[in-house]
Amino acid sequence: MKVPFVDLTAQYESIKSEIAAKITDIISRGDFILGKDLEQFESEFAAYSGVKYGIGVASGTDALYLALLACDIGKGDEVITAANTFIATAIAISQTGAKPVLADIDRKTYNLDPKHLFKLITKNTKAIIPVHLCGQPAQVAEIKEIAAKHKLRVIEDAAQAHGAYFDGKNKVGSLSDLACFSFYPAKNLGAYGDGGMIITNSPELAEKARLLRNYGQKIKNEHSVMGFNSRLDNLHAAVLRIKLKYLDEWNDKRRRNGKIYYELFGASSPVVLPNPEKGDHIYHLYVVLAENRNKLADFLKKREIASGMHYPIPVHLQPCYKHLGYHKGDCPNAEYYAENTLSLPMYPELSLEQIKWVVDSVKEFYG
């Protein structure tokens, strides 16, 4: 049985008539840049996330970069983030001229460890970027307490956590100064190309982000700051408006599939599973700790089961960050995660039969 890592066409089939009608409407109106659907999507996604303002930008990376600039972070500053995140989190920090400071992670959640974070704060630290990795919310409330003591900004990297809750109450993105989302096609809420959004409750930060994303202009041809061209296309915003209506349903199906994996692997599972009991994980990725990870991936591939490795080289050991002076052993938990985790197929339309085939194959590999 063939099991893809993610199947975007299955999702499209369920909404293609709505998508086709909306795209035809936009093309017929010629409403492509900073249009009506973008304004509506910004308001709708902000309200969905429990905040006042949304600013659509060209990508999740741009969302992080512009959020940092809106907080006046630049050369000489330090920003702390997790060592096991996707490289874009660190690159956004570097693009401002600031220095990324990489923190180790908690072994249970794979997210930034507040205990390690506390030791990394210096007089140059200006912000903390917790990452909600794989759809598992980070410990933002605890991180906010630390940030408040040191007068630091908190910017959530929520690129993998659209619609996830903190303990069933507040949605990710609602507790910090700003939060950044990616709408890359494979995300839980994905466009048909690159896209991103910054959300915030601060009118001042929202205004700064809006200026930065559109050449620094509030009034056409009057540029109050040196900004950029980083606007979420109206076509993408229109697609995302349609998809947003289904996001909670799709996240529920991901949770259902996570629970099925958990139950089928059972108490004697040969791999360490994410625990679905808390209910706040939205499984953008279904990541397991697995001995002989690479050999397991090869075994699954022979059975036409796709898998992924997120991310096999932690940020502090990436060649492009050699100049920061990190060494193997500096973030042991992040390094262990990078060397021993494997992402199994996960998407809302994944069938029970497919999950059974994946689980049976993993069990057979381990004998």
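Buried is used here for a relative accessible area under 20%, exposed for over 50%, and partly exposed for values in between, with a 1.4 Å probe and protein chains only. Helices (H or I, at least four residues) and strands (E, at least two) are DSSP runs numbered from the N terminus. The structure is a predicted model, in which local features need pLDDT of at least 70 and side-chain atom pairs count only at pLDDT 80 or more, while totals for chains, interfaces and linings use all residues. Residues are numbered from 1 along each chain as its sequence is written, and side-chain values use heavy atoms, with hydrogens and water left out.

Within α2 lies aspartate 37, which is buried with a relative accessible area of 1%. With contact taken as heavy atoms within 4.5 Å, and with neighbours within four places in sequence left aside, aspartate 37 touches Lys22, Ile26, Arg29, Asn234, Ala237, Ala238 and Arg241.

The sheet comes next. Two strands are said to pair if DSSP finds at least two bridges between them. On this basis 7 strands form an open sheet of mixed pairing, in the order β1-β9-β8-β5-β4-β2-β3. Its edge strands, β1 (53-57) and β3, each pair on one side only. From one strand to the next the twist averages 25°. Angles here run from 0 to 180 degrees between N-to-C directions, and axes are lines fitted to C-alpha atoms, for helices over the stretch in contact.

Two helices that pack on this sheet can be followed strand by strand. Helix α2 (residues 36-49) touches β1, β8 (178-182) and β9 (196-200), and its direction makes about 130° with that of β1. Helix α7 (residues 203-213) touches β1, β5, β8 and β9, and its direction makes about 15° with that of β1.

Moving through the sheet, β2 and β4 run parallel and are joined by 4 bridges, with glutamate 78 standing opposite threonine 125 in β4. From β4 the chain crosses through α6 to β5 in a right-handed β-α-β crossover; right-handed means that, with the strands pointing away from the viewer, the path from the first strand over the helix to the second runs clockwise. Strand β4 (residues 125-129) is also joined to β5 (residues 153-157) by 2 bridges, and these strands run parallel. Alanine 127 has arginine 153 in β5 as its bridge partner, and isoleucine 128 stands opposite valine 154. Because 4 of its 5 residues are buried, β4 is largely enclosed by the rest of the structure.

Strand β8 is mostly covered, with 5 of its 5 residues buried. Leu178, Cys180 and Ser182 point one way from the strand, and Ala179 and Phe181 point the other way. In a regular strand, side chains alternate between the two faces of the sheet. Strands β5 and β8 run parallel and are joined by 3 bridges, with isoleucine 155 opposite leucine 178. By contrast, β8 and β9 run antiparallel and share 4 bridges, with serine 182 opposite glycine 196.

Attention now turns to the interior. A nonpolar core is a set of buried Ala, Val, Leu, Ile, Met, Phe, Trp, Tyr and Cys residues joined through side-chain atoms within 4.5 Å. The largest such core has 33 residues, and those with the most contacts inside it are Ile80, Tyr110, Leu112, Leu117, Ile128, Leu133 and Tyr337. Elements giving two or more residues to this core are β2 (78-82), α4 (87-95), β3 (99-103), α5 (114-120), α6 (140-150), β12 (286-289) and α11 (332-340). Beyond its neighbours within four places in sequence, isoleucine 128 is in contact with Ile80, Leu112, Leu117, Ile143, Ala147, Leu152, Arg153, Val154 and Ile155.

Finally, the cysteines were examined. A search of the whole structure finds 0 disulfides, a disulfide being a pair of cysteine sulfur atoms within 2.5 Å. For cysteine 134, the nearest cysteine sulfur is that of cysteine 331, 17 Å away, and cysteine 134 is buried at 3% relative accessible area. For cysteine 320, the nearest cysteine sulfur is again that of cysteine 331, 15 Å away, and cysteine 320 is partly exposed at 47% relative accessibility.
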